Structure formats: C-alpha cells, structure tokens
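Hi,

Here is the structure I promised to pass on.

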Amino acid sequence: MEIAPQSLILEGRKAVLEALNHEKPIDRILLRVDGKHRHAAPEGSAGGATRLEGTLRLIAAKARAQKIVVQEADKAKLDELSETGHHQGVIALCPAVPYVTITDILAIARERGEPPFVIVLDGVTDPHNLGAVMRSAEAGGVHGIIVPKRRAVGLTATVARTSAGAITHMAVARVPNITRALEELKSAGLWIACAGTGEKSLFEADLSGPVALVLGAEGEGVSRLVRQHADFAVGIPMLGKIGSLNVSVAAGVLVYEVVRQRGAGRGDSVPVN
C-alpha cells in the first residue's frame with residue numbers, strides 16, 4: 001500500500017472522528033477488522049461479513065456518507081503504517097496539512113472580529129508537546145501558531161494524534177526566522193509576551209489586547225535572542241518546590257489567562273479528558 005510522501009496520517013478514533021465531523025479532506029480510511037473488532041456489521045462493508053465494533057462502525061458510516069473510501073486492514077498492516085503506535089484500529093490518510101503565513105493568521109482574527117491572539121514556539125522539538133499546545137490553543141480561541149522551520153517539530157502523525165483533532169482547525173505558520181516573525185507581529189500591532197522568569201506575573205500583565213505568547217523549547221526555554229525581541233516577560237507563579245512547567249502545560253495556563261482577561265464564559269464548558 002503506497003502512501004504519498006506528503007500525506008498526513010491521522011491515527012486514533014478521536015482524531016479521525018473529529019476530522020469526519022468537520023468534513024475535513026480525507027483520501028481514505030483504514031479500519032482494523034480482525035480479532036476483537038468484529039462485532040457489528042457496517043452497511044456496505046467490503047466482503048459483506050466484516051464486523052466492526054461501536055466507534056469503528058460509526059467512523060465507517062460517516063466515511064461512507066461523505067463518499068470516502070473505506071478499506072479493511074489487519075492489525076499488522078495498521079501497525080506497519082502507524083507512526084505513533086496507538087492507532088486504536090483506525091488510520092485516515094489525508095492530504096498534507098498546509099502551512100499558512102502570518103498574514104493568513106492575522107486575517108483569521110479580522111474575520112472573527114477579535115484582537116489577534118497568536119502563539120509562537122521557539123524550538124519545540126517534541127511532537128507530543130506541539131500536539132498538546134495545539135489542543136489548548138484551539139480550545140482557547142488562538143488564531144494561529146508560529147513555529148520555526150529548523151530545529152523544531154513540524155506537523156506529524158504524532159502531533160495530529162496528540163492534538164485530538166485540533167490540527168484540522170489550527171492555522172500553523174512555519175517561518176525561517178522567529179525574530180523576524182516577531183517584528184512582523186509587532187508591525188501589525190501585537191504585543192509580544194515572553195513566557196519565563198518574568199518581571200511580572202501573568203496575572204498582573206495586560207494580555208487583553210492583540211498579543212503573541214512566546215514559549216520556548218523543552219528544558220532550554222526561550223532563546224536569549226528571541227527574548228530580546230519581546231516587549232515584556234511574564235512568569236507563572238510556582239508555589240511548590242519545582243521550578244518550571246512543561247511547555248504544553250504552561251501554554252494552557254497562559255492561553256486561559258488571556259481568555260479570562262478577554263471575558264470568560266463565552267464558550268461552552270466541556271468535560272476534561
């Protein structure tokens with residue numbers, strides 16, 4: 001089975017269902033049909049006698065309704081294609097997620113009638129962290145994420161799975177130079193807030209206007225050169241004995257302080273999982 005070099009592999013039931021629910025482009029879906037997944041037969045499945053259990057059956061039905069090709073595959077084939085090792089019996093092959101420009105991200109904010117809200121990641125290399133940041137960013141109304149082209153993770157299958165479907169909704173710009181990107185954001189009227197050991201707590205900083213939050217790489221934080229291009233630094237109060245937070249956790253805290261300052265309660269409350 002050949003896969004286009006630029007295809008995005010979505011793995012896991014939540015990620016694939018999210019893409020289907022929002023009718024994102026999918027070339028085909030591979031479903032596991034052996035072993036424990038033979039329970040309820042989806043209408044029109046290949047071979048006629050194939051049986052799928054609940055969530056996989058729902059995925060097959062939604063895919064057929066959208067005229068997406070559904071193919072049966074055994075566990076060995078899915079394991080071979082999987083990049084994360086956690087496909088949960090389903091893999092979707094999608095057109096590569098296109099990167100956007102900073103101009104595109106700012107246009108999204110204008111279309112929503114909101115002050116621009118951007119996250120800039122300085123050298124984050126762990127795909128699980130990027131996926132988790134993306135999930136918090138999408139939930140918190142961030143208009144786009146900016147990442148560097150070099151020494152940083154891109155949009156991979158692991159990022160897609162960890163984002164729990166957020167990758168299909170979040171605009172991501174990949175830029176050759178982070179400091180130039182910050183200057184472009186400043187020219188557009190955004191304030192640049194650098195996360196780290198700040199001159200003030202994030203709860204004291206004014207984050208209600210156009211803002212870009214800059215977060216650094218795992219273990220190293222934001223680089224000195226990038227810090228120099230920020231307008232101010234903000235810190236997250238640490239009340240225990242450890243001195244730092246994982247970048248994805250820090251992103252969640254910062255994003256929702258912006259949400260709070262801009263007026264909490266506009267969205268629907270949802271279960272945490």
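Which side chain does the side chain of His169 join in a polar contact of 2.9 Å? The partner is Glu18. By polar contact I mean a pair of N or O atoms within 3.5 Å; within protein, one must be able to donate a hydrogen and the other to accept it, and residues adjacent in sequence count only if both atoms are side-chain atoms.

Before the rest, some ground rules. This is a predicted model, so local features need pLDDT of at least 70 and side-chain atom pairs count only at pLDDT 80 or more, while totals for chains, interfaces and linings use all residues. Residues are numbered from 1 along each chain as its sequence is written, and side-chain values use heavy atoms, with hydrogens and water left out.

**Overview**

The chain has nine helices and ten strands. These are DSSP runs numbered from the N terminus, with helices being H or I of at least four residues and strands being E of at least two. Of the 273 residues, 47% are buried. Buried means under 20% relative accessible area, exposed means over 50%, and partly exposed is in between (1.4 Å probe, protein chains only). Among contacts with a separation of 6 or more, 79% are between residues 24 or more positions apart; a contact means heavy atoms within 4.5 Å.

**Back to His169**

His169 sits in the loop between helix 6 (157-162) and strand 7 (172-175). Its relative accessibility is 26%, so it counts as partly exposed. Apart from neighbours within four places in sequence, His169 touches Glu18, His22, Lys24 and Glu138. Gly144 is 25 residues away from His169 along the chain, and their C-alpha atoms are 9.6 Å apart.

Four strands make an open sheet in the order 1-4-2-3, with mixed pairing. Strand 1 (8-11) and strand 3 (69-73) are at the edges with a single partner strand each, so one side of each has no neighbour in the sheet. From one strand to the next, the twist averages 20 degrees. For angles, axes are lines fitted to C-alpha atoms (for helices, over the stretch in contact), and values run from 0 to 180 degrees between N-to-C directions.

Strand 2 (residues 28-32) runs parallel to strand 3, joined by five bridges, and pairs with strand 4 in the antiparallel sense over four bridges. Two strands count as paired if DSSP finds at least two bridges between them. Leu30 is a handy landmark: its bridge partner in strand 3 is Gln71, and in strand 4 it stands opposite Ile91. Next along, Leu31 has Glu72 as its bridge partner in strand 3.

Five of the five residues of strand 2 are buried, so the strand is largely enclosed by the rest of the structure. Both faces are covered, with Arg28, Leu30 and Arg32 on one side and Ile29 and Leu31 on the other.

Helix 2 (residues 54-65) lies across strands 2, 3 and 4, at about 155 degrees to strand 2. Arg13 belongs to helix 1 and is buried, with a relative accessible area of 17%. Its side chain reaches the backbone oxygen of Gln88 at 2.9 Å.

Val120 stands opposite Val214 in strand 9 and opposite Ile146 in strand 6.

**Cores**

The largest nonpolar core has 52 residues, and Ile29 and Met134 have the most contacts inside it. Helix 9 (residues 247-263) gives the largest share, seven residues. A second, separate core of 21 residues includes Ile102, Ile105, Val120 and Val214. A nonpolar core here is a set of buried Ala, Val, Leu, Ile, Met, Phe, Trp, Tyr and Cys residues joined through side-chain atoms within 4.5 Å.

Cheers
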